[in-house]
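Subject: Model for you to look over

Hello,

Here is the model we talked about. Please open it first, then read my notes below.

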Amino acid sequence: MSNLNSLTHFWPELILTVTVLVAIIADLIYRKEDSFKVAWWVLGGLALTLFAVRMSGGALSGLFMGTIAMDPFANFFKVLVLISTTFVILMSFDSADLKGYRVGEYFSILAIMAFGLFLMASAIDVIMVYLAIEIVSIMSFFLAGYLKKNQSSNEASLKYVIYGAFSSGIMLYGLSLLFGLTGTTKFFEMREAIAQLGPDANLALILSAVFILVGFGYKISAVPFHFWTPDVYEGSPTTITAYLSVAPKAAGFAMLIRFFNQVFGDGAPLGSDAWTALNNVPWPQLVAVLAAATMTVGNLVAIQQSSVKRMLAYSSIAHAGYMMMALPLMTQSGVYGIMIYLLMYLFMNLGAFYVVIYVQGKIGGESFDDYNGLGWRMPFVAGVMTLFMVALTGLPPTAGFIGKFYIFAAVIEAGSQYYWLAFVGVVNSVISLYYYIRVVKHMYLSGDRSDSISMPTSNLTTVILIALAIPTFVFGWYFSDVADWIHNSLVIFQGM
Amino acid sequence: MASLSSYLLVGAVLFSLGLYGVVTRRNGVAVLMGVELILNAANVNFLAFARFGGMNMAGHVYALFVIVLAAAEAAVALAIIINIFNNFNTINVDEVSELKQ
């Protein structure tokens with residue numbers, strides 16, 4: 001589709017762009033103490049964008065001369081991004097970290113990041129892939145280091161910028177090799193060109209695939225590209241930690257699925273021969289080993305943490321591992337499992353981080369000991385925290401169980417060569433029970449029983465907690481509508 | 001007459017030097033220079049492929065995009081490093097370690 005025609009299908013992104021501009025101008029108008037009001041402009045823009053995404057329907061097309069795909073698959077991830085951005089903006093009102101800073105640009109940068117994530121979810125051209133990844137990365141560097149006077153935040157942004165620039169550079173080199181092999185930048189043309197390559201090209205092809213995997217692995221924080229995650233997650237403002245652990249990960253998975261399905265696949269929409277172009281390497285097994293390593297490392301290190309925030313950072317690595325279990329399959333049910341897991345994970349993880357933000361604001365700490373006796377002092381907050389912890393473990397009747405169930409079902413369904421992977425996944429879920437329940441133990445069994453009960457003072461806090469807790473609980477036993485929606489979103493644009 | 005493989009060799013050497021720089025340097029700015037080398041290695045590849053492969057303009061366009069994004073990234077990274085220097089009085093990436101390892 002030509003550039004001008006494409007604009008008429010590009011409403012969600014255009015609205016987001018206008019939102020960013022409005023937010024920047026609004027930031028100039030408000031005084032420093034009023035700068036939180038910029039958030040409402042951004043929230044309004046996000047609501048309009050959500051409406052536009054829902055309206056854009058299921059028309060499949062390649063916009064802007066075939067660089068951006070419009071399909072239900074991308075729309076699903078756009079909705080995920082919008083939901084998480086909205087929650088993170090609302091959560092920022094309570095953040096103790098941001099007190100004393102001018103926050104107008106914080107909200108506009110969040111909106112730019114959402115725009116980048118939209119592109120990540122729908123890129124079908126390697127130029128757009130790199131562009132989208134860089135938009136998201138550069139904005140996350142800003143946000144990780146937003147607390148200019150805070151040393152931890154500084155350090156987080158330094159580590160992030162070094163790892164981020166390095167891994168996207170390696171990915172770019174891999175993409176340049178792939179461009180040389182295929183002579184094109186479009187996913188579908190690449191697939192056709194790869195199919196015609198002789199065996200001589202195998203080494204270069206594998207090399208480029210490995211380099212590209214570095215870039216994707218960094219975005220979804222897969223082992224062994226996860227080293228930045230704990231430090232960045234711990235040092236960043238907690239609201240940003242929550243955002244980084246959900247939205248870029250979702251978009252990273254979308255991009256990874258689309259790229260490997262379309263460039264290295266056989267052209268069938270999510271068939272079983274997803275890795276045909278690379279059949280000289282045991283590629284699916286390699287990804288399966290990475291998945292097993294990711295969840296095991298994440299879980300084993302999470303056990304040793306004394307800070308709840310850092311524990312959640314490692315646990316988010318483990319969750320990326322669970323989702324990666326379904327990647328080597330590249331089947332319809334595997335991708336379905338990843339999508340449903342991402343949706344469930346969004347609510348429970350944002351919820352857990354929000355409680356961390358809240359406790360940080362009230363008690364001033366984020367270590368396990370700060371949670372002692374929380375169950376008696378703040379019964380409501382401790383109650384929802386318990387729910388989020390149970391859901392993150394993956395126990396019924398919570399949303400976490402449904403997510404895990406679909407992933408494991410897809411892995412088992414793929415055949416006996418993946419049984420070991422499912423086994424590792426189950427063992428890891430049991431390990432994760434230890435450190436999630438440790439939070440609950442500290443809240444209810446440790447510390448003094450206090451008689452004074454404090455409920456959340458602001459209505460907004462209560463509303464956010466309830467809005468995150470209800471899906472976490474309800475999707476555990478009523479999810480047919482969500483399942484239908486995701487099922488309809490499984491349509492990936494497959495070329496002109 | 002220079003051939004495609006000599007350009008690719010230059011690219012590969014640049015890439016390796018960049019990799020070496022990122023891994024061994026402890027000065028924040030030097031690490032960034034390593035990253036720039038990696039990006040330029042990719043650029044050399046793109047342009048060489050576009051020139052010798054008889055391909056369309058995509059390679060040139062890609063290189064232009066990379067240059068712009070590398071500039072943006074360098075700007076942000078240098079701003080972060082200046083801020084680090086203000087708070088820590090050093091830009092050695094090993095000494096900047098408040099957070100638990």
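From the N terminus on, chain B runs α-α-α. Its secondary structure comes to three helices and zero strands; helices (H or I, at least four residues) and strands (E, at least two) are DSSP runs, numbered from the N terminus. Chain B is more spread out than a compact globule, because its radius of gyration is 17 Å, well over the 13 Å that the globule rule gives for 101 residues. That radius is taken over C-alpha atoms, and the rule is 2.2 Å times the number of residues to the power 0.38.

Two notes on conventions. This is a predicted model: local features need pLDDT of at least 70, side-chain atom pairs count only at pLDDT 80 or more, and totals for chains, interfaces and linings use all residues. Residues are numbered from 1 along each chain as its sequence is written, while chains are lettered from A and ligands numbered from 1 in the order in which they are written.

**Chain B**

The C-alpha atoms of chain B fill a box of roughly 50 × 25 × 20 Å, taken along the principal axes. Of its 101 residues, 37% count as buried (20 or more other C-beta atoms within 10 Å of a residue's own; exposed is 12 or fewer, partly exposed in between; C-beta atoms are placed from the backbone).

Helix 2 (residues 28-52) and helix 3 (residues 58-88) of chain B have axes that come within 9 Å and cross at roughly 175 degrees. Axes are lines fitted to C-alpha atoms, for helices over the stretch in contact, and angles run from 0 to 180 degrees between N-to-C directions. Helix 2 and helix 3 of chain B are therefore roughly antiparallel (over 145 degrees; under 35 is roughly parallel, 65 to 115 roughly perpendicular, the rest oblique).

**Interface**

The contact takes 35 residues from chain B and 33 residues from chain A (C-beta atoms, placed from the backbone, within 7 Å). Helix 3 of chain B gives the largest share of chain B's side, 16 residues.

**Chain A**

In helix 12 (residues 238-263) of chain A, 26 of the 26 residues are buried, so the rest of the structure largely encloses this helix. A kink of about 30 degrees lies at A:Leu244 in helix 12, shortly before the proline A:Pro248. The bend at a residue is the angle between axes fitted to the seven residues ending there and the seven starting there.

Helix 7 (residues 126-144) and helix 8 (residues 151-182) of chain A have axes that come within 9 Å and cross at roughly 175 degrees. That makes helix 7 of chain A roughly antiparallel to helix 8 of chain A.

Best wishes

Definitions and conventions
Two residues are in contact if their C-beta atoms, placed from the backbone, lie within 7 Å.
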